[in-house]
Amino acid sequence: MPERFSNEGKPVLRDLDKITEDMMGPGKFKEFSIFIDPQTTPTFLKAGDNRVAPHFPIIYEIADHTYQINEFGMANFYVLVGKERGLVIDCGCGSVDSKAIIEHLCTKPYDVVITHGHGDHCGAMCQFEKVWMFPADFDKVHNNFRVNQQLWENPNIWRSMPAEFPDGERVEYEGVRGGSKDFYDFSNLTFMGIDEDHLPELCALEDGQVFDLGERKVTVLNIPGHTEGSAVFIDPKSRIAFTGDSVNEDFNLDGNTPARNVEILSKLLDYRDYFDRMYPGHTAIGYNTANFSKSPALLEDAIGAYRSIVDGTAVYETRKRRNREVKVAVYGKAGVTVKE
């Protein structure tokens, strides 16, 4: 990775009205109308030199009027549609015309909320007039240099992570470890990027705030750890918690002490009666198109893992995370990374 981010040959779009299909990613965004059962065995597996790779974002209907957009195995964003309004949770990396996809799925007025201020979750935010975030992450998106650097030079968005079934059991089949670049045709990938001239109005989320979509109310919780402004959205209508990067392959709360994580996850557990699935910011990673949620049952085990670290009874394993070995405290079916 270069020591310093260079935007040479990687333009931030200054006129968003001039977005073209050629600019936006490896495929034509008009071909996005594909729906895949999220529980089916993936069919897009590499087999020698033969592969069938989708050249458009894959849209999964994960519940009634609830859509997940898989942006070429890099990140997900979500569109929830109520009787009167829609809610968009994150807006993707900005390698596709996110707004066009959203407005294809939701013809009603909608709000855009951001789970946290990293480029793979807010990279298309300049397409919108305003977005909602927790103020603790405002500075992250004002740091345009860093957000764009995350998109162009961060290998994490091209990686594969170990796939898991909802209960935490590892998924093993051909291709599960393949990264996005191994599968999708990125020969003309472009990120729209963000800049101060197009930065939307940043509206402050509040812990416990409710978005009323019409016969569908979504509650936001501040779950700091991955970033201070990380958000989780609880939707009792679909019975899904949208967890951003707070719950991915790990309970990604490295910014806190284990004792603080017990407190934070217990707060999420207080809402356990309202959701049966947890969809994070990254599923179907790389060319693994299996799109399982996390099981909420793992919450109690994760709390137990952090408690075991606090009381000195933790059982540790060494696991590979993002091409490096990390120490993980294991409790039940949950494993939490221990910050060295």
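Student: Which residues have the most contacts inside the largest nonpolar core, and how many residues does that core have?

Tutor: In this predicted model, the largest nonpolar core has 62 residues. Those with the most contacts inside this core are Val-79, Met-125, Leu-205, Phe-233 and Phe-242.

Student: Which strand gives the most to this core?

Tutor: Strand 3 does, with 6 residues.

Student: And what is Val-79 in contact with, leaving aside neighbours within four places in sequence?

Tutor: With those neighbours left aside, Val-79 contacts His-65, Thr-66, Tyr-67, Ile-69, Leu-87, Val-88, Ile-102, Leu-105 and Cys-106.

Student: What does the accessible surface come to?

Tutor: The accessible surface of the chain is about 14500 Å², and carbon and sulfur atoms hold 46% of this area.

Student: Let us turn to aromatics. How many aromatic pairs does a search of the whole structure find?

Tutor: The search finds 5 aromatic pairs. One of them is formed by Tyr-110 and Phe-128, with an edge-to-face arrangement, 6.4 Å centre to centre and 80 degrees between the planes.

Student: Which parts of the chain does that pair tie together?

Tutor: Tyr-110 lies in strand 5 (residues 110-113), while Phe-128 lies in the loop between helix 2 (119-122) and strand 6 (130-133), so the pair ties together parts that are 18 residues apart in sequence.

Student: Are Tyr-110 and Phe-128 buried or exposed?

Tutor: Tyr-110 counts as buried because its relative accessibility is 18%, which is under the 20% limit. Phe-128 is buried as well, with a relative accessible area of 7%.

Student: Which residues form an aromatic cluster?

Tutor: Tyr-78, Phe-242 and Tyr-279 form one aromatic cluster. Phe-242 also belongs to the residues with the most contacts inside the largest nonpolar core.

Student: Which ring does the charged end of Arg-272 sit over?

Tutor: The charged end of Arg-272 sits over the ring of Phe-275, at 5.7 Å from the ring centre. Lys-327, in turn, lies over the face of Tyr-316, 4.2 Å from the centre of that ring.

Student: New topic: where is Arg-85?

Tutor: Arg-85 is in the loop between strand 3 (75-81) and strand 4 (86-89). Its relative accessible area is 28%, so Arg-85 counts as partly exposed.

Student: What does the side chain of Arg-85 join in a polar contact?

Tutor: A polar contact of 3.3 Å links the side chain of Arg-85 to that of Asp-111. Leaving aside neighbours within four places in sequence, the residues in contact with Arg-85 include Tyr-110, Asp-212 and Leu-213. Arg-85 and Gly-214 are 129 residues apart in sequence, yet their C-alpha atoms are 6.6 Å apart in space.

Student: Last one: where does Thr-283 lie, and which polar contact does its side chain make with Asn-76?

Tutor: Thr-283 lies in the loop between strand 12 (277-280) and helix 7 (298-311). Its side chain makes a polar contact of 3.0 Å with the side chain of Asn-76, and a polar contact of 3.0 Å joins the side chains of Thr-283 and Gln-68.

Student: Is Thr-283 buried or exposed?

Tutor: Thr-283 counts as buried because its relative accessibility is 7%. Not counting residues up to four places away in sequence, Thr-283 touches Gln-68, Asn-76, Asn-291 and Phe-292.

Key
Residues are numbered from 1 along each chain as its sequence is written. This is a predicted model: local features need pLDDT of at least 70, side-chain atom pairs count only at pLDDT 80 or more; totals for chains, interfaces and linings use all residues. Side-chain values use heavy atoms; hydrogens and water are left out. Accessible areas come from the Shrake-Rupley method with a 1.4 Å probe; for residues, only the protein chains shown count as cover. Helices (H or I, at least four residues) and strands (E, at least two) are DSSP runs, numbered from the N terminus. Buried means under 20% relative accessible area, exposed over 50%, partly exposed in between (1.4 Å probe, protein chains only). A polar contact is a pair of N or O atoms within 3.5 Å; within protein, one must be able to donate a hydrogen and the other to accept it, and residues adjacent in sequence count only if both atoms are side-chain atoms. Contact means heavy atoms within 4.5 Å. Rings of Phe, Tyr and Trp (its six-membered ring) pair if their centres lie within 6.5 Å; planes under 30 degrees apart count as stacked, over 60 as edge-to-face and the rest as tilted. A charge sits over a ring if NZ of Lys or CZ of Arg is within 6 Å of the ring centre and within 35 degrees of the ring normal. A nonpolar core is a set of buried Ala, Val, Leu, Ile, Met, Phe, Trp, Tyr and Cys residues joined through side-chain atoms within 4.5 Å.
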